[in-house]
Amino acid sequence: MKVSEVSVKNLADYLKLDYETLAPEEISELETFLASAKAFISDYTGLNQSEIDAHESFVAAVFVLVQDMYDNRSYYVDKSHINHVIESILEMHSVNLL
């Protein structure tokens, strides 16, 4: 699976939510979390969307980032408290190491 193929339904399944019963606001919230996770990965690594799709390990990063945003109900990731596994995945592929 590629990051671009991750859907809100995939996220709902991962979060153990019943996609069929989600309210429109909840679906919109998950869409926002998904977009934020993708933007965070791109900003952190310096990769564009097609380069991110080349690495399946980013899919796990998207799921964990969205779970963190969902659990904490925030639209950003606190870089000082990022999951170490996610940080390792992102750093393996970072090209903006200045």
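This is a predicted model: local features need pLDDT of at least 70, side-chain atom pairs count only at pLDDT 80 or more; totals for chains, interfaces and linings use all residues.
Two residues are in contact when they have heavy atoms within 4.5 Å. Residues are numbered from 1 along each chain as its sequence is written, and side-chain values use heavy atoms, with hydrogens and water left out.

The protein averages a pLDDT of 89, and 91% of the residues score at least 70. Confidence is highest in helix 1 (residues 8-14), at 97, and lowest in helix 5 (residues 84-92), at a mean of 83. Helices here are DSSP runs of H or I, at least four residues long, numbered from the N terminus.

D53 lies in helix 3 (residues 49-53). Not counting residues up to four places away in sequence, D53 touches K2, V3 and S4. D53 is buried yet has no salt bridge. Buried means under 20% relative accessible area, exposed over 50%, and partly exposed in between, with a 1.4 Å probe and protein chains only. A salt bridge needs a side-chain nitrogen of Lys or Arg within 4 Å of a carboxyl oxygen of Asp or Glu. K2, the nearest side chain of opposite charge, is 5.6 Å away from D53; Lys and Arg count as positive, Asp and Glu as negative, and His and the chain ends are not counted.

The whole structure holds two aromatic pairs. Rings of Phe, Tyr and Trp (its six-membered ring) pair if their centres lie within 6.5 Å; planes under 30 degrees apart are stacked, over 60 edge-to-face, and the rest tilted. Y14 and F63 form a tilted pair, 5.1 Å centre to centre with 50 degrees between the planes. Because Y14 lies in helix 1 and F63 in helix 4 (residues 57-72), this pair ties together parts 49 residues apart in sequence.

Notes
pLDDT is the predictor's confidence in each residue, from 0 to 100. Helices (H or I, at least four residues) and strands (E, at least two) are DSSP runs, numbered from the N terminus.
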